Amino acid sequence: MGKMKDIAIDLANEHRESNQLIAEFMGQEFETSSKEWEIQRCLNNGRIKKPFVEHLDYNVSWDWLMPVVEKIESLNFEIDGEITSADVHIMYGDCKIVDEDGAGLFEFYFHSTDSKDKRKATYKAVIEFIKWYNNESKV
């Protein structure tokens, strides 16, 4: 039982870190303290202006994830002297993010073992694209 709990905690931490990465990419402000008592105190005082990091739902909601996909597709950037943008292809249980011209400048592909879980594959592809994009934009 302890091993399953550890796996669940690791997954929750992974989602927290990934959701925080996406939120920063999107320019979304958020609070990092999420102790239940503080949430209630803030709610009671009407002070909550930003969601807590645990309440960022990029990993569970298309409503949160699709604006990220749209932002990725709206970006223009230069790779090896070529100006390009990204195309996001979502179908079945797959998501692929590639350069718009198909020149092979980058590709991020994820397949969900559940063919109906396009959201999970899209979430993972988005995370890997953002990590790559953040690293590329520092060069």
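The legends below describe views of a predicted protein model.

View 1. The protein contains 4 helices and 5 strands, where helices (H or I, at least four residues) and strands (E, at least two) are DSSP runs numbered from the N terminus. Followed along the sequence, these elements come in the pattern α-α-α-β-β-β-β-β-α. Of its 139 residues, 34% count as buried, a word that stands for under 20% relative accessible area, while exposed stands for over 50% and partly exposed for values in between (1.4 Å probe, protein chains only).

**View 2. Helix 1 and residue N13.** N13 lies in helix 1, which covers residues 2–26, and with a relative accessibility of 38% N13 counts as partly exposed. Although N13 and E54 are 41 residues apart along the chain, their C-alpha atoms are separated by 9.4 Å.

**View 3. The loop that holds D101.** D101 is found in the loop between strand 4 (94–99) and strand 5 (107–111). Why does D101 count as exposed? D101 counts as exposed because its relative accessible area is 54%, and the cut-off for exposed is over 50%.

**Notes on the model.** Residues are numbered from 1 along each chain as its sequence is written, and side-chain values use heavy atoms, with hydrogens and water left out. Because the model is predicted, local features need pLDDT of at least 70 and side-chain atom pairs count only at pLDDT 80 or more, whereas totals for chains, interfaces and linings use all residues.
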